[in-house]
Structure formats: C-alpha cells, structure tokens
Amino acid sequence: MATEQSNSQIENKKLVQLEIKKLEKDFDGFKAVNNISLDIYQGEIFALLGASGCGKSTLLRLLAGFEMPTAGDILLNGQSLIGLSPHERPINMMFQSYALFPHMTVEQNIAFGLRYEHLSKVEITRKIDEVLNLVQMAQYAKRKPHQLSGGQQQRVALARSLAKEPKLLLLDEPMGALDKKLRTQMQLEIVDILESVEVTCVMVTHDQEEAMTMASRVGIMDAGVIRQIGQPIEVYEQPNCRMTAEFIGSVNIFEGTLSVDEPDHAQINCPDLPVPIHVAHGVVGSFGMQLAFALRPEKVRVDMEKPANAHNFARGVIEDIAYLGSHSIYHLRLPSGKKVLASVANSDRLVTGDDAPRLTWNDEVYLSWSEKSGVVLSA
Amino acid sequence: MTNAGIGRWSWMALVSGFIFLYVPIFILMFYSFNESRLVTVWAGFSIKWYGELFRDEQMMSAVWMSLKIAFLSASMAVVLGTMAAIAMVRFGRFRGKTMFTGMITAPLVMPEVITGLSLLLLFVTLSQALGWPAERGSVTIWIAHTTFCMAYVAVVVSSRLREFDRSLEEAAMDLGASRLGVFFRITLPIVAPALLAGWLLAFTLSLDDLVIASFVSGPGSTTLPMVVFSSVRLGVSPKINALATLLVLAVSMATFIAWWYMRRQELIRQKEIQSAFNK
C-alpha cells in the first residue's frame, strides 16, 4: 500500500502541470518579476518563500490573472493562459483575508462559484455538502462569515476555492490572519485536505516554517528572481548562495580564502579562526579565491575543553544566552570580535540549586564542528 | 472645588445649548394647538388647525409635490452619484482626476443662489435654443435637485468605496463572475448601506430646499418650502405650526426607528460573534 502510494507520487512528479516561461512583470520600470521560469508538477504543494516586496505575490497574481505579464508565458496543462481573465482560468485562489462575501451565508459563498458552472440545483447542493464535509464545516452552512472564528473562516475559504475543482489552487499567505497556535494546527490540516483532493497548489508565504511544513518543494524568491528551488531539506541543508542560507533559518558565515583543494577535501583560511576550516569534499575553484563558509547554529558544538581535532574549532567567550526551553542559543564572541551563534539542545533537565557545572556568561569555551556540517558558498 | 465649579459651568453650557436649539421648536409645536388665529396669543387648546391643514388643498398638493420631487431626485442622485464615486475611487489615476474630484464636490460649497441662478439661465437658454423645457416646473426642479444632491451622494458613497476590500471583488472574479456580475452581486450589495444613507440625505436635502426650487420652478409647481415661505410673508397661520409639528414628529420617528433598528442589528451581531467564539 505504502509502496504503491510512493510509486504513484513519483509518477505524478514527472507530469508538469504548470509551466512558467521567462515571465516578467514590469511596474513603471520596476521589475517585480524578472525572467522567472518554473515548472510545477501535478499534485505537489509548491511554496514561494520570500521577504515582502520580493515579487512572490505579484507572481501569484499573474497566475490568477489579476495582473498581466509584460513578457513570457504561463502554460497550464500545455495551454497558454495569457490573455485569459481571472474568471476564464481554471484556477482558484484562497485570499489572505479569505475574502468571504460578508452578505452571504457559508452555503451561498460556496454556491457563488458553482453558479457559473451550469450545474443543476441538486448538483450544486451535493457539491456544497461535499466540500463542507471535507473541511468539517457542514454544521455551519447557514452562518454568515462574521459569525465564524478565524480558523472556521479559513476552512470556508478553502472549501470555496476547492468547490470548482480547480486545476491549480493558489494560496496567498494562508496562515497570515491566524494566531500562532492555530497556525501549526491548520497547516497540517490544510495539507491533509489538499492531499486528499490531489490538487496542485502554489502558495506564497514569508514564513519559512509554514513553507517547510506545508510544501513538498520550496522556491526562495528575492528581488523578482527565484534563487533556489528544492525540497525543504535541500534548501536548508544545501543552500546554493548566501542569500538563501541567510534567509532560511539563521546561519554563521565565515569568509576566507581557499588554501587546499583536493578531490576529497579542501581547506579555507579564515582570518577570524585560529585554524583553517576543513571540509570533507573538494571545491571546484582556484587557490586564493574568496569563499564563504556557512554553518548552522545547531551544528556548532560548545565545550569547556579543547577539542582533539586539528581543524574546525575556535575559542570564544559566551556573551549572551537565550534560553528557549527546548534549546538555548549561545552568542559567542571570538578573539577577532566575530560573533557566532550556537544552538544547544537542553537534553538534561536544568534544575535551580543543582551544583553541576554549567556554561554561563563570560565563560571561555571552545566551539567546534565536524567536517561535513558546513556549506561552502561563493563569497 | 474647582471640579465642582467646572461641572456646574459645563452643565449650564449644556442646558443653555439645548434651550437654544429646542425651545423655538417647542414653542412652535405648542402654538399649533392654539385656538386663536393669532399665533402668539394663547386662547385655549384646540386641534382645529390640523383639520384646516388637511383641508387646505394648496398646502396638501405642495406636500405631495415635494415628496414626489424628493423621491425622484434622491433616486436619480444615487444613480449618478454612485457612478461618479466609482470613477473617483476606482479608475486609478487618469488625466484631470484631481479636477474632476474637485468639481464633483464643488456644489457642496457653492452658494445656493448661484446654483439656482445658473440653472435658471441654463433652462431659459435651452428652451430658447431647443424648445425644451417648454416651461419650468417639476421636471426642472427635479433636474436641479438631482444636480446638487448627486454631489452629496458621491461623497458618501466614495468614502465607503475607499474602505472596500478589493480582494472581495477579485475573489468573485476568480470564482467565475464577469466584471458586471461582480458589480451587481458583490460590490452593490456591500455598499448598499452607503447608497441608502446617500438616498436619505438627498431626500431630506431636496425636501428642504427653498432657494434653488424658487429659481427653477414655474407656475403650478410649488414645493412645500415655497408655500410655507410665501404664506409666512402674509402672516403666520397656525396651520403652518400644525404642519411643522407633523414634520418634526415624522422626522423624529424616522430617526428613532432607524436608531433602534441599527442598535438591534448591532446587538444581534455582537451576540453571534460571541457565540461563534464560545463554540
């Protein structure tokens, strides 16, 4: 059963549903979307992730048809969407504000789109029941939007956008209007619903946690271009540029020059560190070239004693400790003045009054990392 | 001590303000129940002037004429004012937008005498050049009232349109509605309260107007304010007091009902929101 499902998923991945080809959108000389090409596969949830103003919303609006591109093409199942207005596209969108019609009941909101499908009354009622059951809102069918809580409104908005069985579903900041606790719950619920109806979905968000929880692939957008596309684990563990590394999660960047480059290892001399950085793979580059070494805080070890390895360590002073419950963030300062973040899991229970030695402010410590834990990026 | 002093002073200010506003109206209403022909001499209680009022055909036809014109002007003003508001709010930036916006609201501050005179000149010129309007009457008053009421409607409706959530319209389009469908099924129902408010404002403005109507009216088309004004010049009859009393009553009733209805809706809404969150 499980193998069958994963097989079909792999099969689906091969089918391109949406092709974006060299798409451009120019607002009075400002390129909000700059020459983007992107393939979206059938049945996947793709997240466009970026800071506000990076062009992700414009790209979504181009797909929905609210904006017309300056150049390029959008193909859905091989058919161009250019020139079609929003109501002619087999695409539906869930808006950030949900955009539920305030003067209509939940039922009427969902029926709104179905009326344009030339369906019989019986058919419309059946579909309304179907989507309301899907989002578990059947008992609220007669309510008006203002009589619903935020989470309930979101379910209705989702039901409304799914009712017409769109070929492509667009989600604009789907959790933007919810509080944090409800967010985590709704993220998984929505993914379950989307997967059960097997709809292809493009979502836009500035919240990386949301993108990584919900999406099967993530595209990092910046200044109108997509910097990196990949599964959440890829963009986090193997960022392809400094922008991606710094945008997703937090990261320590060490700048240095390439000093050893063998097929199986390389070394980078970094002025901030007493010993060279040793990485367990070759770097295709020339000696002396400027590189950046990106190291995630959770991959930094913090010890009282000097580590045994000859590379990949430094001395530092604890400047600040942020205790976050499950883990603590140590703000360390190297002798050169460089600041390094280290995230350490609080695996032992800390009890006040316990005399066991514990790292604290102004302690001199050693930080170290393994030769496989960092990523070498061009400077 | 100082607090008490300020308290006393503000009470006095409040009371004298209300006296200033409402005593004249109460006196007017009081004398409508006067037996005497003379408005200012009390000669015992009577409601005979109310009977007289309803028997006065000139007065009654003026009331009817005013209501008719107010109804038609308000309706027309809502249609035109809404169109103007949409143009002002929705059409983005176009050449001459600032001028257009300024000009549509200019009648708000234009002296009525000027508006009236200019419309009179327009109608005279038109009738000379085109033969229409052949004579001034209820149609010309209707046009004149529509002109200035439209500006008020445009202001009321455009402020509502400005705070309108555009994503509602986009959602409707996304779900398959054409632009026209979006307007009639989404935009219009949602801004309907503003249209109603604009209509009521236009209705009262038209009902109340004396100056502009005097300029553009003709024989046989006398509105209520004109009748009242001209009869007062010949000496106030207690009939006018009776009429005024009825008008004040009607207006207060309408205001009270509107207030009560809106409060009730708000309470229901609050309760529903409460129950939604308690679930």
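A residue is buried if 20 or more other C-beta atoms lie within 10 Å of its own. The views below are of a predicted model.

View 1. Chain A comprises 9 helices and 20 strands. Along the principal axes, its C-alpha atoms fill a box of roughly 75 × 55 × 50 Å. Of the 379 residues of chain A, 37% count as buried. Among contacts in chain A with a separation of 6 or more, 64% are between residues 24 or more positions apart.

**View 2. Helix H2 of chain A, residues 56-64, is mostly covered.** Burial extends to 9 of the 9 residues in this helix. The buried residues of H2(A) include the charged A:Lys56 and A:Arg61, together with A:Ser57 and A:Thr58. The buried set also contains A:Leu59, A:Leu60, A:Leu62, A:Leu63 and A:Ala64.

**View 3. The residue that follows H2(A) is A:Gly65.** The phi angle of A:Gly65 is positive, near 100°.

**View 4. The side of chain B that touches chain A.** In this interface, 20 residues of chain B are in contact with 20 residues of chain A. Three helices of chain B, H7 (166-174), H8 (179-208) and H11 (238-278), each supply at least two residues of the side that touches chain A. H7(B) provides the largest share of that side, 7 residues. By residue class, the side of chain B that touches chain A divides into 12 nonpolar, 3 polar and 5 charged residues.

Conventions: Residues numbered from 1 in each chain as written. Chains lettered and ligands numbered in written order. Predicted model: local features only at pLDDT ≥ 70, side-chain atom pairs only at ≥ 80, totals over all residues. Buried ≥ 20, exposed ≤ 12 C-beta atoms within 10 Å, placed from the backbone. Helix = DSSP H or I, 4+ residues; strand = E, 2+ residues; numbered from the N terminus. Contact = placed C-beta atoms within 7 Å.
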